[in-house]
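Welcome! Please take a look at the sequence and the 3D structure shown here, and then walk through a few questions and answers with me.

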Amino acid sequence: MLWIIGSEADVHVAALKTALSERNLQYRSLGFGRAEFALRSDAPDEMTKDDVGLWRYKSRSGSYVLDYEMALESWCDQEWYHMLIGCCARSEMKLLNGPPIVAQAGIKALQLLWASECGLRVPDYCISNNKNDLTDFLCRHEKIIKKPLAGSILPDPSDMTRALSLGTMRLNKQDLFECSEDRVEKSPVYLQEEIEKICEYRVIVVGNRTIAYQIESQVYPETQLDWRHGQLNMELFSIVDLDEEVVHSLNEYLKKAQLFSGVFDLAKDINGRIIFFECNPNGQWLFMDDLSPGLVARAFAEQLELRVF
């Protein structure tokens with residue numbers, strides 16, 4: 001039996017269910033929103049070691065809690081998360097993109113290493129809490145960006161009921177030069193050279209299928225640094241074929257990371273080279289399915305059929 005493990009409110013889960021049903025594939029689902037599931041001491045578990053699960057559950061732990069309702073939802077979310085982990089572990093089923101694998105694959109420092117080992121080009125970077133290391137890096141590059149290693153949400157110091165999103169941003173070099181060593185030492189800082197881009201790519205790799213979307217992110221000033229910074233404009237997206245060497249490297253990356261699927265963010269620099277930025281094991285892809293309705297969801301169903309049935 002195939003299990004789809006994820007929140008009932010996740011539109012990706014709904015799309016996967018539709019694609020599986022279109023292929024007449026039998027599956028069961030479990031996740032936040034399905035309250036009738038139970039583990040009992042006087043009855044066998046519903047999951048077995050012969051089952052296969054696709055983990056699509058994205059815990060919201062670590063999100064900034066603004067009020068009681070959010071705190072309650074976060075608490076329920078964690079209860080479900082541990083319930084789902086327990087169900088899968090008890091059954092000893094084969095779990096695709098399971099939590100331990102996804103947690104490791106989400107570590108930025110590992111992503112950079114794996115990408116290089118798989119033949120992908122990565123930007124020059126420095127991760128350090130030593131001011132001398134960071135200032136030396138600044139002096140080697142004209143433009144620098146700063147990225148979070150993990151958390152990207154902080155409370156707004158001017159209004160604690162609001163949250164600030166700390167994503168990719170340009171770094172004012174003078175700010176770091178003037179920052180005290182004690183303050184820099186409080187946390188690692190992830191710096192990266194800013195890549196002058198022709199375009200960006202969002203690439204979904206699932207099993208042996210690769211679906212690439214080119215993003216004309218340099219058309220508008222607000223999307224030049226990061227296409228996610230602007231209002232989502234699907235006119236900037238188009239389906240393309242990537243070079244076979246790049247596709248091979250992406251598949252090698254999935255093998256190294258032990259992932260069934262991954263969503264890659266790449267770019268083409270002004271010299272025509274493909275640059276790796278990151279890979280999200282549970283990244284969003286459904287909004288791109290509007291360009292070719294159901295393409296990615298059907299690719300997941302196809303690869304699950306090959307893997308499970």
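This is a predicted model: local features need pLDDT of at least 70, side-chain atom pairs count only at pLDDT 80 or more; totals for chains, interfaces and linings use all residues.

Q: Is the aromatic pair of Trp227 and Phe287 stacked, tilted or edge-to-face?
A: A pair of aromatic rings is described by the distance of the centres and the angle of the planes. For Trp227 and Phe287 the centres are 6.1 Å apart and the planes make 35 degrees. Planes under 30 degrees apart count as stacked and those over 60 as edge-to-face, so the pair of Trp227 and Phe287 is tilted.

Q: Which loops does the pair of Trp227 and Phe287 link?
A: Trp227 and Phe287 are both buried. They sit 60 residues apart, in distant parts of the chain. Trp227 belongs to the loop between β12 and β13 (237–240), and Phe287 to the loop between β15 (274–280) and α9.

Q: What kind of aromatic pair do Phe260 and Phe300 form?
A: The ring centres of Phe260 and Phe300 lie 6.3 Å apart, and the planes are at 65 degrees. Planes over 60 degrees apart count as edge-to-face, so the pair of Phe260 and Phe300 is edge-to-face.

Q: Are Phe260 and Phe300 buried or exposed?
A: Phe260 is in the loop between α8 (244–257) and β14 (261–269), while Phe300 is in helix α9, 40 residues apart. The relative accessibility is 3% for Phe260 and 5% for Phe300. Buried means under 20%, so Phe260 counts as buried, and Phe300 likewise counts as buried.

Q: Which strands stand at the edges of the open sheet of four strands?
A: The strand order in this open sheet is β2-β1-β3-β4, with parallel pairing. A strand at the edge has a single partner, so one of its sides is left without a neighbour in the sheet. The strands in that position are β2 (27–30) and β4 (94–96).

Q: At what angle does helix α2 run to β3?
A: Helix α2 covers residues 68–91 and lies across β1, β2, β3 and β4. Its direction relative to β3 is about 155 degrees.

Q: Is Gln214 buried or exposed?
A: Gln214 is found in strand β12 (residues 209–215). Leaving aside neighbours within four places in sequence, its contacts include Tyr201, Leu236 and Phe237. The relative accessibility of Gln214 is 18%, and the limit for buried is under 20%, so Gln214 counts as buried.

Q: With which side chain does the side chain of Gln214 make a polar contact?
A: The contact joins two side chains at 2.6 Å. The partner of Gln214 in this polar contact is Glu216.

Conventions
Residues are numbered from 1 along each chain as its sequence is written. Side-chain values use heavy atoms; hydrogens and water are left out. Helices (H or I, at least four residues) and strands (E, at least two) are DSSP runs, numbered from the N terminus. Buried means under 20% relative accessible area, exposed over 50%, partly exposed in between (1.4 Å probe, protein chains only). A polar contact is a pair of N or O atoms within 3.5 Å; within protein, one must be able to donate a hydrogen and the other to accept it, and residues adjacent in sequence count only if both atoms are side-chain atoms. Contact means heavy atoms within 4.5 Å. Two strands pair if DSSP finds at least two bridges between them. Axes are lines fitted to C-alpha atoms, for helices over the stretch in contact, and angles run from 0 to 180 degrees between N-to-C directions. Rings of Phe, Tyr and Trp (its six-membered ring) pair if their centres lie within 6.5 Å; planes under 30 degrees apart count as stacked, over 60 as edge-to-face and the rest as tilted.
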